Amino acid sequence: MSTDITTDAVAGIEEGARPLPGDERMWTARLRGYLVRALPPGKLLPDRQPSYVSSWVYVFGVITMAALTMIILTGAVLVLKGPSWWHVSSAGLFVNSMHLWSVEVFFFFMVLHLWGKFFMAAWRGNRKLTWITGVVCFLISIGAAFTGYLSQQNFDSQWISTQAKDGLNSTGVGAFFNVLNFGQMLIWHVLLLPVVVVVILALHLLMVRHRGVVRPLPRTKADRGAPQHTRSRQSSPPDATTAAAGGSATGSSDGDR
Amino acid sequence: MLHNMLASLVDLNNTGHYLHWGFIQLSVANAVVIGLMVVVFALAVLVPFRHRRSR
């Protein structure tokens, strides 16, 4: 019964994406068709994952996103209440600490995610842009964290800004990025950089859904030439699926080497 | 009570401790974090991931 409902729902989505006769050349119809082909609902929100996703290494990215969610939520509260609240009241100090420690968790697991993806050469199988968007997101996050330290409104932020200005001015960026300008740094921190991070993260995730999670590297030289489902010392074929978080069961059929 | 215990473990009111290897200068706090990251990464690779079911 439930299978029929699910099948009907998927068929309904595909039917809804189909343009009316005569509208096939319209840019909206072509763009919709491209998006539905690139990211069908089964890829966008899969129920099952490849068996090799059953590893704690694949949890690092999810923890990073959870930390980013906490950063945004606590940051929104801090923006609404202001520095006189986050420096003085008990609740403000608590939310301020939650914001800081969410950032610590964010970078901790983002770097672990980077290590994991580096050692599994996750750019294989035409996943170069996924890797590059991850690196860009990491670099912009450093800028977001830096402007956050400048926005604290305490002696620490004064020390950091006066130390940073000389280094940044020596590169020439001081003409439009003035670390001594609190208003400018606050806007960078609470609006511009978070928006860029979230947009690039969304692109990164959509690419993961589109291409699927990269397969593990072959364990032996012999495995490199063997068909992937016959690789040695695997308890189950790589194409077997498991209900787990992170990654996609589909889209991993393209070459990974 | 808890505040005093933490303050005795991590004294934030004085200058930090740094490690020096030639031109490399690293705070002990950062070295501890990097060490923790290596440990967590090793555990993530070695500890089996338990999942509900597979097919």
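Predicted model: local features only at pLDDT ≥ 70, side-chain atom pairs only at ≥ 80, totals over all residues.
N126(A) counts as partly exposed because 13 C-beta neighbours lie inside 10 Å. This value falls in the class between buried, which requires 20 or more other C-beta atoms within 10 Å, and exposed, which requires 12 or fewer. N126(A) is placed in the loop between helix 6 and helix 7 of chain A. Its backbone has a positive phi of about 60°, although N126(A) is not a glycine.

Q153(A) may be described in the same terms. Q153(A) is found in the loop between helix 7 and helix 8 (155-171) of chain A. Phi of Q153(A) is positive, near 65°, and the residue is other than glycine. Q153(A) counts as partly exposed because it has 15 C-beta neighbours inside 10 Å.

Helix 7 of chain A, residues 128-150, contains G148(A). Is G148(A) buried or exposed? G148(A) has 23 C-beta neighbours inside 10 Å and therefore counts as buried; the cut-off for that class is 20 or more. G148(A) and L100(A) are separated by 48 residues in sequence, while their C-alpha atoms are 9.3 Å apart in space.

The neighbour counts of these residues are set out below.

| Residue | C-beta neighbours inside 10 Å | Class |
|---|---|---|
| G148(A) | 23 neighbours | buried |
| Q153(A) | 15 neighbours | partly exposed |

### Chain A as a whole

Chain A contains 10 helices and two strands. Along the sequence these elements follow the pattern α-α-α-β-α-α-α-α-α-α-α-β. Chain A has 257 residues, of which 26% count as buried. Where contacts in chain A join residues at least 6 apart in sequence, 75% of them join residues at least 24 apart.

### The two domains

Chain A is divided into domain 1, covering 53-120, and domain 2, covering 121-215. The C-alpha centres of domain 1 and domain 2 of chain A are 14 Å apart. To the contact between them, domain 1 of chain A gives 11 residues and domain 2 of chain A gives 10 residues. On the side of domain 1 of chain A that touches domain 2, helix 4 (60-81) and helix 6 (90-119) each supply at least two residues. The largest share of that side, four residues, comes from helix 6 of chain A. By class, this side of domain 1 of chain A comprises eight nonpolar, two polar and one charged residues.

### Helix 6 of chain A against helix 2 of chain B

Helix 6 of chain A also packs with helix 2 of chain B, residues 28-46. Two packed helices are described by the angle between their axes and the distance between the axes. For helix 6 of chain A and helix 2 of chain B, the angle is about 55° and the axes are 10 Å apart. The two helices, helix 6 of chain A and helix 2 of chain B, are therefore oblique to each other. Angles from 65 to 115 degrees would count as roughly perpendicular, and those under 35 degrees as roughly parallel. The crossing of helix 6 of chain A and helix 2 of chain B is right-handed.

Which residues in helix 6 of chain A meet helix 2 of chain B? From helix 6 of chain A come F108(A), V111(A), L112(A) and W115(A), and they meet M37(B), V40(B) and F41(B) in helix 2 of chain B. The residues of this contact divide into seven nonpolar, no polar and no charged.

Terms used
Residues numbered from 1 in each chain as written. Chains lettered and ligands numbered in written order. Contact = placed C-beta atoms within 7 Å. Domains from an automatic or database assignment. Nonpolar A, V, L, I, M, F, W, Y, C, P; charged D, E, K, R; others polar. Axes fitted to C-alpha atoms, helices over the stretch in contact; angles between N-to-C directions. Parallel < 35°, antiparallel > 145°, perpendicular 65-115°, else oblique. Left-handed = near helix turned anticlockwise from the far one by under 90°.
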